[in-house]
Amino acid sequence: MMQDDKLISVIVTAYNIEKYLPRCVDSLLAQTYEPMEIILVDDGSTDGTAEIVRAYADRCPQRIVPVLRKENIGATKNLYDLLQRAKGIYIANLEGDDRWTDPKKLQAQVRFLDEHPKSIGCCHKCRVVDGY
């Protein structure tokens with residue numbers, strides 16, 4: 001299996017973050033790695049988060065798998081459910097109020113994991129910014 005044949009599942013959890021979610025999803029859609037599925041969940045938000053999830057899923061149905069919960073089930077149950085849904089050989093996690101700034105992030109991480117088969121995961125540098 002060549003690198004580009006390995007599906008990556010990116011799990012994105014969102015709850016009441018309509019202000020931040022578009023930047024998050026746009027940063028995923030900018031990734032150069034293919035194939036990728038984005039499992040995008042709204043965990044019963046009371047703001048406009050669910051509408052944003054629907055809009056992106058309608059715009060990119062080949063890449064975005066929407067999960068729209070009517071009630072909030074919490075972080076642990078949510079993550080467990082999403083891990084069960086993931087089809088990828090690799091799984092990446094991105095919180096809905098975060099974003100990736102390097103469009104080649106996934107490509108670099110897949111390359112690292114392919115070159116280091118004894119590794120079970122990898123991470124990257126991050127910068128914490130408070131506010132929008």
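Predicted model: local features only at pLDDT ≥ 70, side-chain atom pairs only at ≥ 80, totals over all residues.
Local features need pLDDT of at least 70, side-chain atom pairs count only at pLDDT 80 or more, and totals for chains, interfaces and linings use all residues. Residues are numbered from 1 along each chain as its sequence is written, and side-chain values use heavy atoms, with hydrogens and water left out.

Helices (H or I, at least four residues) and strands (E, at least two) are DSSP runs numbered from the N terminus.

Now look at the partners of E2. Strands pair if DSSP finds at least two bridges between them. E2 pairs in the parallel sense with E1 (residues 8-14) over 7 bridges, and alanine 14 stands opposite aspartate 42. E2 is also joined to E3 (residues 64-69) by 6 bridges, again parallel, with proline 66 in E3 as the bridge partner of leucine 40.

E1, helix H1 (residues 21-29) and E2 make a right-handed β-α-β unit, as do E2, helix H2 (residues 49-59) and E3. Right-handed here means that, with the strands pointing away from the viewer, the path from the first strand over the helix to the second runs clockwise.

Turning to the interior, a nonpolar core is a set of buried Ala, Val, Leu, Ile, Met, Phe, Trp, Tyr and Cys residues joined through side-chain atoms within 4.5 Å. The largest one has 27 residues, of which Val10, Val12, Leu21, Ile38, Leu40, Ile64 and Leu106 touch the most other members. E1, H1, E2, H2, strand E4 (90-95) and helix H4 (105-115) each supply at least two residues of this core, and H1 gives the largest share, 5 residues.

Finally, the cysteines. The structure holds 0 disulfides, a disulfide being a pair of cysteine sulfur atoms within 2.5 Å. The sulfur of cysteine 122 has its closest cysteine sulfur in cysteine 123, 7.1 Å away, which is too far for a bond. Cysteine 122 is partly exposed, with a relative accessible area of 33%, whereas cysteine 123 is exposed, at 70%.

Notes: Buried < 20%, exposed > 50% of the residue type's maximum accessible area, 1.4 Å probe, protein only.
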